[in-house]
Amino acid sequence: MPLLEIHDLHVAYGAIKALRGVSLNVAEGEIVTLIGANGAGKTTTLRAISALARPSQGRILYGGESIVGRPAHQVARAGLVHVPEGRGIFLNLTVEENLELGGYGRRDGGIEQERDRVYALFPRVKERLRQVAGTLSGGEQQMLAIGRALLARPRLLLLDEPSLGLAPRVVQTIFQVIREINQAGTTILLIEQNARMALQVAHRAYVLEVGQIIMEGAAADLAASDDVRKAYLGVHG
């Protein structure tokens, strides 16, 4: 049974139909990426999963149980943690205070162990604990956003455009960390405008176009597809 199952998902913003019958699944231990042009509905898909957008139709099953209609904080406490586009950190708080909020809903032990793991993945975050988050570089803010999510001990991590606006060297670091997080046991659903990098790191992929899934398969197969290469990888001929 997949960890996440989405069946015939529809989401509308007023008269605008953002998702029109999206179905996908994510198995335990996978990295699955969702690629597509701006406005295709990728962010809306993640927002629906994490209860930030309300579906008008369809089912979302997490661990075999429906989560449609649950409040967002309950979904997060169940281990489904969302790092939104734009990072969503508290810019007026310190790095350390942001991290503390990541573990706020935890009712178990192990916070210190998770914190040490974050410091090992992101040494720069540890160096800046007393610094106000709004003064960090874009790359450091993304590291903090992912680190804060890890303190919630996610079973399924939703990442929305983690490389957006970052220098190429920092992008490489972020994607290496995504691999390491997955190898340590966290399942990941990734949205990423850099389709080439996303397909390199993912096991499977879906292509979303105008609110509908138009292709799916192994990430390597989609990366080799002429249609995907021309539309999303900048390869012609």
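Which helix holds Asn182? Select residues 168-183 in this predicted model: they form helix α7, and Asn182 is found there. Colour by accessibility and Asn182 comes out as buried, because its relative accessible area of 10% is under the 20% cut-off. Now show what surrounds the residue. Leaving aside neighbours within four places in sequence, Asn182 is in contact with Gly29, Glu30, Ile31, Thr187, Ile188 and His203.

Next, select residues 31-35, which are strand β3, and residues 187-191, which are strand β8. The two strands run parallel and are joined by four bridges. Within this pairing, Thr33 stands opposite Leu190 in β8.

**The antiparallel strands**

Move to residues 4-13, strand β1, and residues 57-62, strand β4. They pair in the antiparallel sense over five bridges, and His10 has Gln57 in β4 as its bridge partner. On residues 65-66, strand β5 pairs with β4, again antiparallel, over two bridges. Here Tyr62 is bridged to Glu65 in β5. The hairpin of β4 and β5 has two residues between the strands, and Gly63 takes a positive phi near 65°.

**Salt bridges**

How many salt bridges does a search of the whole structure find? The search finds ten. One of them is between Glu112 and Arg115, at 3.8 Å from N to O. Both residues lie in helix α4 (residues 111-121), three residues apart, or about one turn of the helix. Glu112 counts as exposed at 51% relative accessibility, whereas Arg115 is buried at 13%.

For the last stop, select Arg124, Glu127, Arg128 and Glu140, which are linked in a network of salt bridges. Glu140 meets Arg124 with the closest N and O atoms 3.2 Å apart. This pair links distant parts of the chain, with Glu140 in helix α6 and Arg124 in helix α5 (residues 123-127), 16 residues apart. Glu140 is buried, with a relative accessible area of 8%, and Arg124 is partly exposed at 34%. The side chains of Glu127 and Arg128 form a salt bridge at 3.3 Å, N to O. Glu127 is exposed at 59%, while Arg128 is partly exposed at 23%.

Technical notes: Residues are numbered from 1 along each chain as its sequence is written. This is a predicted model: local features need pLDDT of at least 70, side-chain atom pairs count only at pLDDT 80 or more; totals for chains, interfaces and linings use all residues. Side-chain values use heavy atoms; hydrogens and water are left out. Two strands pair if DSSP finds at least two bridges between them. Buried means under 20% relative accessible area, exposed over 50%, partly exposed in between (1.4 Å probe, protein chains only). Contact means heavy atoms within 4.5 Å. A salt bridge is a side-chain nitrogen of Lys or Arg within 4 Å of a carboxyl oxygen of Asp or Glu.
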